[in-house]
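Could you walk me through this structure in my viewer, one selection at a time? I would like to know what to click on next and what I will find there.

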Amino acid sequence: MDRLLQMTPVFVRSLEETVIMVGFSLVIATLIGIPLGILLVITQGNHLFPNKWIFHTLNVVINIVRSLPFIILMVAIIPFTELIVGTSIGIKGAIVPLIVYTAPYIARLMETALLEVDRGVIEAYQAMGASRSQIIFRIMLREARPGIILCLTIATIGLVGATAMAGAVGAGGLGDLALRYGYQQWDIEVMLITVVILIVLVQALQSLGNWAAKKLKKGA
């Protein structure tokens, strides 16, 4: 017990590293993924900006990236990661592959959320003379807000899991802690504490996402 208490700063630092990786990656991946998700929807054949070339290109690229396990993707884009941040290890080295991994995931989730918006509502506003940009930003995104929040919640939880895998290449965070102490030194107590922290973190994120989605749905 005394040893575990002495390791408290290590657990705190690892949790901070995980939060930093998830936070930065989520913000940038969201800024990329939401526009991609919108494009996936509006360029479909029967939507606002039908364009088969853009739709099929995006669809194929997103499917390819999403089909790669994170650990393989992280190794495969090491040259790109080093080009962007100058290193492929540590927190900085993990953020780039985390973004590449998460942005297409968010795009696909966004597509699902936006496609749930009633086409009758969109057609009604078109009949009233609303511009396509107004329909996208004032109708589609507004109507899909609860779904978008839940999508971002799912993406955030996926990011937490990906950061744990990133620990395998020295990216820091709870995954690195579990690997170095829990697995390599066969310290079951450290492993269990790390698992508990991850479970609590994921449950908190899911509860927060559910709460926010319900609030938005009631306020719609």
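**Stop 1: the whole chain.** Keep in mind throughout that this is a predicted model. Show the chain as a cartoon and you will find 11 helices and zero strands. Reading from the N terminus, the order of elements is α-α-α-α-α-α-α-α-α-α-α. Turn the view along the principal axes: the C-alpha atoms fill a box of roughly 70 × 40 × 25 Å. If you colour by accessibility, buried residues come to 38% of the 220 residues. Among contacts with a separation of 6 or more, 74% join residues 24 or more positions apart.

**Stop 2: helix 3 and helix 6.** Select residues 52-66 for helix 3 and residues 90-115 for helix 6. Their axes come within 9 Å and cross at roughly 125 degrees. The crossing is left-handed. Now show side chains. On helix 3, pick Phe55, Asn59, Ile62, Asn63, Val65 and Arg66; on helix 6, their partners are Val100, Pro104, Tyr105, Ala107, Arg108 and Glu111. Coloured by class, this contact holds seven nonpolar, two polar and three charged residues.

**Stop 3: helix 7 and helix 8.** Next, select residues 119-127 for helix 7 and residues 132-143 for helix 8. Here the axes are 11 Å apart and the packing angle is about 140 degrees, so helix 7 and helix 8 are oblique to each other. Helix 7 passes helix 8 in a right-handed crossing. To see the contact, display Val121, Ile122, Tyr125 and Gln126 on helix 7, together with Ile135, Ile139 and Met140 on helix 8. Six of these contact residues are nonpolar, one is polar and none is charged.

**Stop 4: Thr30.** Finally, zoom in on helix 2, residues 8-42, and pick Thr30. Is Thr30 buried or exposed? Its relative accessibility is 14%, so Thr30 counts as buried, the cut-off being under 20%. Draw a distance from the Thr30 side chain to the backbone oxygen of Leu26: a polar atom of that side chain lies 2.6 Å from the oxygen.

Conventions. Residues numbered from 1 in each chain as written. Predicted model: local features only at pLDDT ≥ 70, side-chain atom pairs only at ≥ 80, totals over all residues. Heavy atoms only, no water. Axes fitted to C-alpha atoms, helices over the stretch in contact; angles between N-to-C directions. Helix = DSSP H or I, 4+ residues; strand = E, 2+ residues; numbered from the N terminus. Parallel < 35°, antiparallel > 145°, perpendicular 65-115°, else oblique. Left-handed = near helix turned anticlockwise from the far one by under 90°. Contact = heavy atoms within 4.5 Å. Nonpolar A, V, L, I, M, F, W, Y, C, P; charged D, E, K, R; others polar. Buried < 20%, exposed > 50% of the residue type's maximum accessible area, 1.4 Å probe, protein only. Polar contact = N/O pair within 3.5 Å; in protein donor to acceptor, adjacent residues only side chain to side chain.
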